[in-house]
Amino acid sequence: MWFVMMTAMMVPTVWPWVSAFNRLGGNTLVFSSGYAGAWLIYSVAAASIQLLLPHHVPPSIAAAILFTAGAFQFVPFKRACLMHCRNPLTYFLTRWRDGASGGFRMGFHHGLFCVACCWALMATTLATGVMSLWWMLLLGTVTLMEQVSRWGEPVRMGVGVALLIGATKQLLISV
């Protein structure tokens, strides 16, 4: 379930990468498989954590998840990962690998950057309900705007503030 959810939410953000890879003559299925492999690892970890949590996440745990995700939006590492995600052509021109194994490795490497960039946002589904279609749609939109639009930086910061406010609200509920 996690893998399907992650794949659905990340397709719009990886599409510019797949298109650029295709234009450069790469096998997009191999590249996409490498990318999906990175998200599969994340999905297994997230599903394992979900199994450890109660069916209804207590407000204090929800607050901790939202706070972590909100604070991560302001960490320089997040900004560095977003810079990578915004520049597929630069990456391919400097790190091109020939053949199927090269395409898979490039896809997996980019997928790791993407996971590093988005892991905290995706973890918020543990606090809001893993199968919330609206939340998944919102997260997909946010990640797309952060990575592809010219308003990426203000979106990143606004989402961080909103998540910190949500964490505070959840914390107040738990008191």
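The dialogue below treats a lysine, a nonpolar core and a surface patch.

Modeller: This is a predicted model, in which local features need pLDDT of at least 70, side-chain atom pairs count only at pLDDT 80 or more, and totals for chains, interfaces and linings use all residues. Residues are numbered from 1 along each chain as its sequence is written, and side-chain values use heavy atoms, with hydrogens and water left out.

Biologist: Is Lys78 buried or exposed?

Modeller: Buried means under 20% relative accessible area, exposed over 50%, and partly exposed in between (1.4 Å probe, protein chains only). Lys78 counts as buried because its relative accessibility is 0%. This residue belongs to helix α4, residues 76–85; helices are DSSP runs of H or I with at least four residues, numbered from the N terminus.

Biologist: Which residues is Lys78 in contact with?

Modeller: Contact means heavy atoms within 4.5 Å. Beyond neighbours within four places in sequence, Lys78 is in contact with Phe72, Gln73, Cys117, Leu121, Glu146 and Arg156. Its side chain reaches the backbone oxygen of Cys117 at 3.0 Å.

Biologist: How should I read the largest nonpolar core?

Modeller: In soluble globular proteins, nonpolar side chains tend to be buried together. A nonpolar core joins buried Ala, Val, Leu, Ile, Met, Phe, Trp, Tyr and Cys residues through side-chain atoms within 4.5 Å. Here the largest has 42 residues, and Met6, Trp39, Tyr42, Phe92 and Met122 have the most contacts inside it. Helix α6 gives the most to this core, with eleven residues.

Biologist: Why does Phe74 count as partly exposed?

Modeller: Phe74 counts as partly exposed because its relative accessibility is 40%. Phe74 also forms a nonpolar surface patch with Met157, Val161 and Ile165.

Definitions and conventions. Helices (H or I, at least four residues) and strands (E, at least two) are DSSP runs, numbered from the N terminus. A polar contact is a pair of N or O atoms within 3.5 Å; within protein, one must be able to donate a hydrogen and the other to accept it, and residues adjacent in sequence count only if both atoms are side-chain atoms. Patches are made of residues with over 30% relative accessible area and no salt bridge: like charges are joined within 9 Å, nonpolar side chains (Val, Leu, Ile, Met, Phe, Trp, Tyr) within 5 Å. Accessible areas come from the Shrake-Rupley method with a 1.4 Å probe; for residues, only the protein chains shown count as cover. A salt bridge is a side-chain nitrogen of Lys or Arg within 4 Å of a carboxyl oxygen of Asp or Glu.
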